[in-house]
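Please read the points with the structure open.

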Amino acid sequence: MMVEYSLQTSLTLTSSPGPASFSGHVTGESAMRKTEDVGSLLLFTFQVHIDGKPLGHLGNLEVEFKWPRVVSNGKWLLYLTDIQIHGASEPRCNPPGNIINTLRLVVTVATAASYGVCSK
């Protein structure tokens, strides 16, 4: 027997980083030691909302998005330092490969608050 179940959901960017620019000297990847060396902090906050009854044991709601890490010439665009998930449901985050803090940089105070939602 096949049962169809529809959800009314929304995904909202609740904290937009706004326009950003980077100035200063360009640091090569091998010379980077801390996340400040990559550039300025951009904080993205997403909120997932389900209208109506929750899924319960019927399944999971997944949120998937592409993270633009590098530009066409291989230079860094957005360096992901952390993903934090907050919510009432059981959170899981399974990013593909090693995309979080790839260079194993020391997370500085200026970037310690960066987070995004992976799935809920």
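**Notes on the model**

1. Start with the surface. The accessible surface of the chain is about 9000 Å², and carbon and sulfur atoms account for 54% of that area. Of the 120 residues in the chain, 20% count as buried. Please keep in mind throughout that this is a predicted model.

2. Confidence comes next. The average pLDDT of the chain is 77, with 86% of the residues scoring at least 70. Residues 111–120 have a pLDDT below 50, and in the model this stretch has 39 contacts beyond near neighbours in sequence. Where pLDDT is low, the predicted coordinates should not be read in detail.

3. On secondary structure, the chain has 0 helices and 2 strands. Strand 2 covers 45–51. Several residues discussed below belong to the segment after strand 2, including Lys75, Lys53, Asn101 and Arg104.

4. The structure holds 1 aromatic pair. The ring centres of Phe44 and Phe46 are 6.5 Å apart and the ring planes meet at 5°, so this pair is stacked; the cut-off for stacking is planes under 30 degrees apart. Are the two partners buried or partly exposed? Phe44 counts as buried because its relative accessibility is 18%, under the 20% limit. Phe46, at 21% relative accessibility, counts as partly exposed.

5. Lys53 sits in the segment after strand 2 and is exposed, at 66% relative accessibility. Which residues does Lys53 touch, leaving out those up to four places away in sequence? They are Tyr5 and Leu7. Leu7 is 46 residues from Lys53 along the chain, while the C-alpha atoms of the two are separated by 8.4 Å.

6. Lys75 is also placed in the segment after strand 2. With a relative accessible area of 55%, Lys75 is exposed, since the limit for that label is over 50%. Lys75 and Glu29 are 46 residues apart in sequence, and their C-alpha atoms are 9.3 Å apart in space. Apart from neighbours within four places in sequence, the contacts of Lys75 are with Arg69 and Val70.

7. Two residues deserve a look at their backbone angles. Most residues other than glycine have a negative phi. Asn101, which is not glycine, has a positive phi near 50°. Arg104, likewise not a glycine, has a positive phi of about 55°. Both lie in the segment after strand 2.

8. Are Asn101 and Arg104 buried or exposed? Asn101 is buried, with a relative accessible area of 15%, whereas Arg104 is exposed, with a relative accessible area of 69%. A description of these positive phi values could therefore state that Asn101 is buried and Arg104 is exposed.

Key
Residues numbered from 1 in each chain as written. Predicted model: local features only at pLDDT ≥ 70, side-chain atom pairs only at ≥ 80, totals over all residues. Heavy atoms only, no water. Helix = DSSP H or I, 4+ residues; strand = E, 2+ residues; numbered from the N terminus. Buried < 20%, exposed > 50% of the residue type's maximum accessible area, 1.4 Å probe, protein only. Areas by Shrake-Rupley, 256 points an atom, 1.4 Å probe, with all protein chains shown as cover. Phe/Tyr/Trp six-rings, centres within 6.5 Å; stacked < 30°, edge-to-face > 60°. Contact = heavy atoms within 4.5 Å. pLDDT = per-residue confidence, 0-100.
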